[in-house]
Amino acid sequence: MKARLDHIGIAVQELDQALAFYRDALGLEIEAPEEVTSQRVRAHFIPVGESALELLEATAPDSAIAKYVEKRGPGLHHITLRVEDIEAALATLKGKGVRLIDAAARPGAEGSLVAFIHPSAAHGVLVELKQAEERTPRFHAATRVALGGFDLITLSDGYFHLDGGAMFGTVPRTLWQKRLPPDDRNRITLGLRPLIVRGDRTMLIDAGCGDKMDAKSADIYGLDRGYHLDHALAEAGLTVDDIDIVLASHLHFDHVGGFTARREDGSIGPRFPKARYVAHRGEWHDATHPHERNRASYLQENFVPLMEAGVLDLVDDDAEVMPGVTFRRSGGHTQHHQVVMIQSKGETAVFTADMLPTSTHVPDAWIMGYDLYPMETLTFKRAFTREAIERDYLIFFEHEPSLAAGRIRESGGRRSVERVV
Ligand SMILES: [Zn+2]
Ligand SMILES: [Zn+2]
């Protein structure tokens, strides 16, 4: 179980005296009080780094805090540990025979879930477990959109987390955190959204992180594959055998981790047994000759086994991968990063991959810190976004957590995305 200190609750007898110490002597800032009517208590939070102190003031004589102070005097009342999955935490504790006050989690403040552990089990300390509310809404239903003669089906390989600062480059946190709130490790939740293009043949563009990631990396990236690509394919009525072509926007692990899978004998091979795989020749060169800056993103196990199995085709800029589906070099993120243009009967959809990873990246200057050539991203993005607005392109956002596709709108100089999926 992973737990972080959320706050320390301190029972207070005289608030003024407590403030004289915490506010005036220590110089800490006190937040506006929160009234918890059901507990007859007023809570005053004092942020201290990633955790907080909580001064608890009784508002009625029959309040639990009043009784606590009467019996033991003011002082440490409880500690609160934040866990990712409170039900799993309670199940683990029950399994180890730990005495609980709350056998099941119950609603706490601000959409959180809480449960108390009995002090007798915690060496005299009342311990509260808390699961914070999921701040980023998530969307992962496999959803079909018709585009001319194609069926486009957006899929999900779950979610992962990247440093919010790195995702927004030079944009200050105060601007992006409202749209994509970071967790206590400063990471934001991102989607992993491969796309199916169905015409005469069935193509899959990108395939998420896949299931080869080791436990340490999965923790660093907060990989959540509770719902993953196999679920999404099944929801779409497809299996791995139905895929004829697998296309890579570029060869970073969060895009092609799902291209290969570990077999029972431990070796790694193609995950889609009947497919030809397609990648850009220059991107393949860069991925197989990594340097210090991109080595962590290019995991050889994701693409070298495809070449060894003889199922990988390398193509150049502007390649038509199947009729109506073409590569278009954006560069910027990597030297040969491609967006995928999907055109049929006068309609256009674009799989923008890491050029426009989320709808929050729609303003020209909101460019990822990960990009190797950010000025190239800017040049491409400026022209592309204008074109997308004028021609009403349907954009698929591969890393957007709560939306899969939409159209870029502009009014009064401000851009927004109108949701389609
Ligand atoms: Zn990338
Ligand atoms: Zn990416």
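**Ground rules.** I am working on a predicted model, where local features need pLDDT of at least 70, side-chain atom pairs count only at pLDDT 80 or more, and totals for chains, interfaces and linings use all residues. Residues are numbered from 1 along each chain as its sequence is written, chains are lettered from A and ligands numbered from 1 in the order in which they are written, and side-chain values use heavy atoms, with hydrogens and water left out.

**Zinc.** I began with the zinc ion (ligand 2) and found D254 (OD), H255 (NE2), D354 (OD), D354 (OD) and H399 (NE2) coordinating it at 2.1 to 2.6 Å. Donors here are N, O and S atoms within 2.8 Å of the metal (3.2 Å for Na, K and Ca); water is not among the atoms, so sites may look incomplete. I wrote down the donor spacing as D-H-x98-D-x44-H. D354 also bridges to the zinc ion (ligand 1), and the two ions lie 3.6 Å apart. D254 sits in helix α8 (residues 253-256) and D354 in the loop between β23 (347-351) and α11 (374-391), so the pair ties together parts 100 residues apart in sequence. Helices (H or I, at least four residues) and strands (E, at least two) are DSSP runs, numbered from the N terminus. D254 counts as buried at 7% relative accessibility, and D354 does at 4%. Buried means under 20% relative accessible area (1.4 Å probe, protein chains only).

**Seven-stranded sheet.** I traced an open sheet in the order β20-β21-β22-β23-β24-β25-β26, with mixed pairing. Strands pair if DSSP finds at least two bridges between them. β20 (320-322) and β26 (414-419) are at the edges with a single partner strand each, so one side of each has no neighbour in the sheet. I also looked at β24 (residues 394-396) and β25 (residues 405-411), which pair antiparallel over two bridges; I395 stands opposite G406 in β25.

**E400.** This residue is in the loop between β24 and β25. Which side chain of opposite charge is nearest to E400? I got R179, 5.9 Å away, and E400 is buried without a salt bridge (a side-chain nitrogen of Lys or Arg within 4 Å of a carboxyl oxygen of Asp or Glu). Lys and Arg count as positive, Asp and Glu as negative; His and the chain ends are not counted.

**β8.** Four of the five residues in β8 (residues 127-131) are buried. β5 (residues 75-83) pairs with β8 in parallel over four bridges, while β7 (residues 113-117) runs antiparallel to β8 with five bridges. V127 is the bridge partner of I79 and also of I117.

Note on methods. Buried means under 20% relative accessible area, exposed over 50%, partly exposed in between (1.4 Å probe, protein chains only).
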